There are 2 protein chains.
Amino acid sequence: MPSLRVVNQPPQRSAALLDHVWRRIRLRSEGALAPLGLRSRHVLALTVLRDRGPSEQQDLARIIEMDGTNVVGLLNDLEAGGLVERRRSPTDRRRHVVQITRKGANMLAKAEFALGAVEDEVLCALDRKQRETLYSLLQQATSAHPRTATETCTEEPSPGS
Amino acid sequence: MPSLRVVNQPPQRSAALLDHVWRRIRLRSEGALAPLGLRSRHVLALTVLRDRGPSEQQDLARIIEMDGTNVVGLLNDLEAGGLVERRRSPTDRRRHVVQITRKGANMLAKAEFALGAVEDEVLCALDRKQRETLYSLLQQATSAHPRTATETCTEEPSPGS
DNA sequence: CAAATGATTCGTTCAACGTCAACGACTTGC
DNA sequence: GCAAGTCGTTGACGTTGAACGAATCATTTG
């Protein structure tokens with residue numbers, strides 16, 4: 001029963017390891033980002049806005065899975081610094097379309113540079129190629145956002161063929 | 001100058017993506033672990049104790065980079081549930097050696113099983129092989145712990161030879 | 001014996017986050 | 001055009017996690 005040979009490996013999950021790495025990064029990144037006047041969630045929001053392009057505010061809230069009211073404050077911070085722009089949607093003037101500004105993109109680049117030292121410290125056991133692999137895996141995982149908040153992932157990740 | 005050809009890619013860092021994935025996992029994992037009476041940090045501690053074997057309490061605190069006083073409460077929870085054992089170190093009776101119990105290992109397995117559904121939801125864009133790659137990368141990153149809290153990583157990740 | 005160390009407990013402080021309630025701007029359905 | 005619903009915004013409130021300091025006890029070390 002417990003031995004399905006090769007197929008059945010111990011179900012070790014990445015969640016705990018991810019939590020572990022995240023803790024180590026977070027402790028350091030707060031300090032690294034402080035000189036820029038940013039927090040981790042600011043960088044997260046800027047990253048999403050850079051990678052996805054202009055997004056409606058509630059889409060952004062759904063993607064980063066943050067409460068709408070908190071997104072307001074988050075965007076207030078970013079907009080006060082001129083890092084993002086809020087415009088009204090042309091199709092529905094109730095909505096806001098959020099867009100990263102050139103200044104925001106520059107700031108994000110600075111933040112990523114600052115985070116480089118953090119990653120060098122935390123991910124020191126990984127060589128350059130492994131870090132690129134990690135980045136692309138995370139990129140792929142985060143880029144597949146459910147269209148609705150409750151939608152389960154129906155895409156078959158190509159194991160069939 | 002700004003173009004070093006192939007070598008110089010935009011310095012996109014994994015930190016923000018890691019933050020992103022972590023948020024999505026955390027929101028769901030708390031709910032998934034609640035029936036077991038566990039929190040994320042409990043699973044983290046159990047994972048470290050399983051992978052490293054019996055560890056001194058301050059080593060554990062250093063590894064998960066958590067304040068010593070908070071580790072006390074964390075271990076109190078785990079010990080109250082019979083998931084870990086605190087014994088006095090034979091060489092220095094001030095120290096505690098923490099060890100995961102059989103019950104703790106079983107509980108950790110249950111927790112990992114419960115987290116499987118969470119990962120299926122969050123990491124749905126990754127196929128099985130990619131998830132294994134992610135796991136091994138995180139494993140490798142977290143297994144290389146600095147011996148002291150301030151020690152920088154001096155190991156060359158095998159690019160040299 | 002005196003000093004230092006590890007674990008523990010307690011209390012304080014702070015940031016992040018969720019929730020609820022209310023409001024103005026706007027859209028939609030009737 | 002009016003009523004109802006939606007989106008963004010603001011504010012207040014409570015919860016949680018976690019860092020920090022101080023005090024205590026047991027133990028080791030000088």
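User: Starting with the DNA, which element gives the most to the surface near DNA strand C?

Analyst: In this predicted model, DNA strand C is surrounded by 21 residues, and the closest are A:Asp67, A:Arg93, B:Gln57, B:Gln58 and B:Arg94. Both chains take part: α4 of chain A, along with α3 (57-63) and α4 of chain B, each supply at least two residues. The one that gives the most, with five residues, is α4(B).

User: And by class, how many charged residues does the surface near DNA strand C have?

Analyst: Sorting the surface near DNA strand C by class puts three residues in the nonpolar group and eight in the polar group. The charged count there is ten.

User: Moving to the protein-protein side, which element of chain B gives the most to the side that touches chain A?

Analyst: The contact brings 54 residues of chain B against 53 residues of chain A. On the chain B side, the elements that give two or more residues are α1 (14-33), α2, α5 and α6 (128-143). The top contributor, with 14 residues, is α1(B).

User: How many nonpolar residues are on the side of chain B that touches chain A?

Analyst: That side of chain B includes 14 polar and twelve charged residues.

User: Are α2(B) and α5(B) parallel or oblique to each other?

Analyst: Helix α2 (residues 40-52) and helix α5 (residues 102-122) of chain B pack with their axes 10 Å apart, at an angle of about 120°. Angles of 65 to 115 degrees would count as roughly perpendicular and those over 145 as roughly antiparallel. The angle therefore makes α2(B), relative to α5(B), oblique.

User: What is the handedness of the crossing of α2(B) and α5(B), left-handed or right-handed?

Analyst: On the α2(B) side, the residues that meet the partner helix are B:Val43, B:Leu46, B:Thr47 and B:Arg50; on the α5(B) side they are B:Gly104, B:Ala105, B:Leu108 and B:Ala111. By class this contact has five nonpolar, two polar and one charged residues. The crossing itself is left-handed.

User: Now the sheet in chain A: which are the edge strands?

Analyst: The sheet is open, with three strands in antiparallel pairing and the order β1-β3-β2. Five bridges join β2(A) to strand β3 (residues 96-100) of chain A, while β1(A) and β3(A) pair over two bridges. An edge strand here pairs on one side only, and the two are β1 (55-56) and β2 (84-88) of chain A.

User: Over in chain B, what angle does the direction of α2(B) make with that of β3(B)?

Analyst: Chain B has an open sheet of three strands, antiparallel and ordered β1-β3-β2, with β1 (55-56) and β2 (84-88) as its edge strands. Five bridges join β2(B) to strand β3 (residues 96-100) of chain B, and B:Arg88 stands opposite B:His96 in β3(B). α2(B) packs on this sheet, touching β1, β2 and β3 of chain B, and its direction makes with that of β3(B) an angle of about 95°.

Definitions and conventions. Residues are numbered from 1 along each chain as its sequence is written. Chains are lettered from A and ligands numbered from 1 in the order in which they are written. This is a predicted model: local features need pLDDT of at least 70, side-chain atom pairs count only at pLDDT 80 or more; totals for chains, interfaces and linings use all residues. Axes are lines fitted to C-alpha atoms, for helices over the stretch in contact, and angles run from 0 to 180 degrees between N-to-C directions. Helices (H or I, at least four residues) and strands (E, at least two) are DSSP runs, numbered from the N terminus. Angles under 35 degrees count as roughly parallel, over 145 as roughly antiparallel, 65 to 115 as roughly perpendicular and the rest as oblique. A crossing is left-handed if the near helix is turned anticlockwise from the far one by less than a right angle, and right-handed if clockwise. Two residues are in contact if their C-beta atoms, placed from the backbone, lie within 7 Å. Ala, Val, Leu, Ile, Met, Phe, Trp, Tyr, Cys and Pro count as nonpolar, Asp, Glu, Lys and Arg as charged, and the others, Gly among them, as polar. A residue is near a molecule or strand if its C-beta atom, placed from the backbone, lies within 6 Å of it. Two strands pair if DSSP finds at least two bridges between them.
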